[in-house]
Structure formats: C-alpha cells, structure tokens
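Here are some notes to read alongside the model, meant for someone meeting it for the first time. Please keep the 3D view open as you go through the points.

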Amino acid sequence: MEPFRVAQSPPAAYYIPDFISEGEEEYLLQQIYNAPKPKWTQLSGRRLQNWGGLPHPKGMVAEKLPPWLQRYVDRVSSLGVFGGKAANHVLVNEYQPGQGIMPHEDGPLYYPTVTTINLGSHTLLDFYHPVTREPPPETQKNSAPQSEEQRHAFCLLLKPRSLLVLQEDMYVRYLHGIRPVMVDTVTQKVANASLCGCDFGDTLPRQTRVSLTIRHVPKVLKTSIILGRRK
C-alpha cells in the first residue's frame with residue numbers, strides 16, 4: 001500500500017487508480033442496477049443499497065454477500081487494511097450530478113478503516129475539521145472556525161475505477177463529505193491532483209456516480225443465538 005499513500009494529506013490516505021478494469025466497472029454497475037427495487041433506499045441527497053447486515057451498537061446480524069460483491073470485498077480485504085480481518089459490510093451509494101452528502105464521520109461501529117471503489121464518475125471528497133476540535137495553529141485566531149467553509153481542510157479527487165483507503169487521523173480526526181454541485185474544479189486543495197493527472201484549474205462535469213463503501217464491522221451477532229432468544 002505504501003506506494004499509493006497520498007503524501008500531501010494527513011495520515012493516512014491511499015489512492016489506487018484503476019483498481020478495477022473498465023469491464024469490471026461495467027459488470028459491477030450491471031449487477032447493482034439488476035438488484036431488486038426494494039433493495040434501494042431513497043434518501044434526500046442520494047439512494048443506497050445495504051449489503052451484509054445492519055450495523056448496530058449491540059451487534060450486526062450478518063447476511064451473506066452475493067458472489068458478485070464478495071469477489072471485490074475479498075480483493076480489498078487481501079490488501080490487509082482491516083487489521084487481518086475480512087470486510088463484511090458494503091454500502092452502495094448512487095449520486096446523481098448535483099447530489100452530495102453533508103460532512104460526517106463513519107464512527108465506532110466499524111473498524112477504523114474505510115475503503116471505497118468508485119464507479120461511473122469522478123467526485124471530490126472534501127475533508128473538514130470537526131466543529132469541536134481545536135483549530136490548527138495556522139488557522140487559529142480569536143475563536144475556533146465554525147462555518148463549513150472555514151473548517152474545510154483539503155479534498156481528494158476520486159476517479160472512476162479507483163480505490164480509496166482512509167485510516168488513522170483521516171478516519172478519526174476529520175469529517176468527510178461531498179458538495180452538491182454539478183461541476184468540480186481542481187484547486188490547490190486537491191491533495192492527490194498529481195496522482196490523478198490533473199492540472200489546477202481543470203473543470204470536471206459530474207455524471208452519475210456509484211460508490212462501493214467496503215468496511216469491517218467487528219461486532220457481529222450469531223443468528224442462532226438470536227433465534228434461540230426468540231423461542
């Protein structure tokens with residue numbers, strides 16, 4: 001993984017371009033859109049599919065992943081990014097042009113690593129300092145910056161077929177989100193611009209993007225135990 005580390009970001013972000021081929025991208029999109037309609041959940045800014053179970057503080061009742069998805073979960077797990085464990089949960093998110101997601105953190109229900117395979121379109125993933133966090137010395141003034149724009153730290157450009165891995169500070173100390181815009185502009189805040197072959201000032205119109213967010217949920221309940229309690 002070390003050759004793919006984004007040196008311009010805090011520890012640790014890894015960006016692997018062309019993690020999958022164009023044929024694999026087409027295959028995955030076909031499988032995703034062939035899923036039964038009830039599998040989709042419509043949210044205000046996107047729609048999603050949940051695979052593997054519903055993470056819960058008391059534990060997740062694990063559901064078997066379909067073979068078409070398990071294949072890529074295994075490929076990501078083979079990188080060793082989950083501390084020797086295998087990923088067991090996938091969120092499939094669909095973003096239409098102009099859609100995004102507010103800054104958020106993934107939280108303690110997951111092993112502190114998030115991996116994302118990107119399909120169909122690029123996006124800019126923005127990173128923010130939390131409101132409650134002490135601002136860094138270079139931005140510290142009379143009071144902590146509170147607006148979203150003031151808290152914006154940097155961003156990563158995610159191109160189709162790439163894999164992004166976030167760990168350490170990037171997982172626990174920063175919020176991440178996607179702005180609801182139709183076109184992205186590559187600025188000096190794009191930490192991996194050189195890895196993507198982009199120049200500052202480039203404008204990138206968005207298309208429909210589908211992401212596979214692959215994670216490991218440590219706390220899993222055994223179905224037999226739950227069924228036993230219900231009897």
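1. Arg 75 lies over the face of Phe 19, 5.8 Å from the ring centre. Likewise, the charged end of Lys 39 sits over the ring of Trp 51, at 4.0 Å from its centre. A charge counts as over a ring if NZ of Lys or CZ of Arg is within 6 Å of the ring centre and within 35 degrees of the ring normal.

2. A word on the basis: this is a predicted model, where local features need pLDDT of at least 70 and side-chain atom pairs count only at pLDDT 80 or more, while totals for chains, interfaces and linings use all residues. Residues are numbered from 1 along each chain as its sequence is written, and side-chain values use heavy atoms, with hydrogens and water left out.

3. Helices (H or I, at least four residues) and strands (E, at least two) are DSSP runs, numbered from the N terminus.

4. There are five aromatic pairs in the structure, meaning rings of Phe, Tyr and Trp (its six-membered ring) with centres within 6.5 Å; planes under 30 degrees apart are stacked, over 60 edge-to-face and the rest tilted. One of them, Phe 154 with Tyr 174, is edge-to-face, at 5.6 Å centre to centre and 65 degrees between the planes. Phe 154 is in strand β9 (152-158) and Tyr 174 in the loop between α4 (169-172) and β11 (175-178), so the pair ties together parts 20 residues apart in sequence.

5. Finally, where is Asn 192 found? Asn 192 is in the loop between β12 (183-185) and β13 (203-205), and is buried, with a relative accessible area of 1%. The Asn 192 side chain reaches the backbone nitrogen of Leu 157 at 2.9 Å. Not counting residues up to four places away in sequence, Asn 192 touches Val 6, Tyr 15, Cys 155, Leu 156 and Leu 157 (contact means heavy atoms within 4.5 Å).

Notes
Buried < 20%, exposed > 50% of the residue type's maximum accessible area, 1.4 Å probe, protein only. Polar contact = N/O pair within 3.5 Å; in protein donor to acceptor, adjacent residues only side chain to side chain.
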